Amino acid sequence: MVTTNFNIKTGILESRFDGDINLTEIVNYIIATKENSTYPRSLKIITDASKANFNFSVDDLEIILDENYKSLEKYNYIIDAIIIDNPKNTAISMLYQELAKTNKYKFGVFSTKEAATEWLNNFS
């Protein structure tokens, strides 16, 4: 399950991935973010996926990337930090990090919320 909450105090979109996360859930999450006109156009996201099991393949990353590029058309930039604590999710996330490099999108993989938050706060 994917849940989100925009923290007005920090200006960060807080997402949580729990349990088995499939391709459809990821794509729907990206589309919902793209279509939300109330989020800042320079968006910071922290995603806690420490309790998630990514239930999609490496080949599915292309679909995720395509949706992400469509979403970036609506934003100045997106800075996205994900918290991971298992080897499979880490490997998929690190591959995504390499594939998703653009001037408008930064994606970081972290093992703690503190490290992810500190990284996000380095961007103005």
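Reply: Start with a salt bridge: D48 pairs with R16, their closest N and O atoms being 3.3 Å apart. The two are 32 residues apart, D48 in strand β3 and R16 in strand β2. Strands (E, at least two residues) and helices (H or I, at least four) are DSSP runs, numbered from the N terminus. This is a predicted model: local features need pLDDT of at least 70, side-chain atom pairs count only at pLDDT 80 or more, and totals for chains, interfaces and linings use all residues. Residues are numbered from 1 along each chain as its sequence is written, and side-chain values use heavy atoms, leaving out hydrogens and water.

Me: What makes D48 and R16 a salt bridge?

Reply: The term asks for a side-chain nitrogen of Lys or Arg within 4 Å of a carboxyl oxygen of Asp or Glu. The D48 to R16 distance is 3.3 Å, so the pair qualifies.

Me: Why does D48 count as buried?

Reply: Buried means under 20% relative accessible area, exposed over 50%, and partly exposed in between (1.4 Å probe, protein chains only). D48 has 18%, so D48 counts as buried. R16, at 34%, is partly exposed. D18 is partly exposed too, at 24%.

Me: How do you know that β2 and β3 pair?

Reply: Two strands pair if DSSP finds at least two bridges between them. Strand β2 (residues 12-21) and strand β3 (residues 42-54) have nine bridges, in the parallel sense. So they meet the rule for pairing.

Me: What does N89 touch, and is N89 buried or exposed?

Reply: N89 lies in helix α3. Its relative accessibility is 0%, so N89 counts as buried. Contact means heavy atoms within 4.5 Å. Leaving aside neighbours within four places in sequence, N89 is in contact with A49, A52, N53, F54 and I84.

Me: How far apart along helix α2 are E67 and K70?

Reply: They are three residues apart in helix α2 (residues 61-72), so about one helical turn separates them. E67 counts as buried at 13%, whereas K70 counts as partly exposed at 40%.
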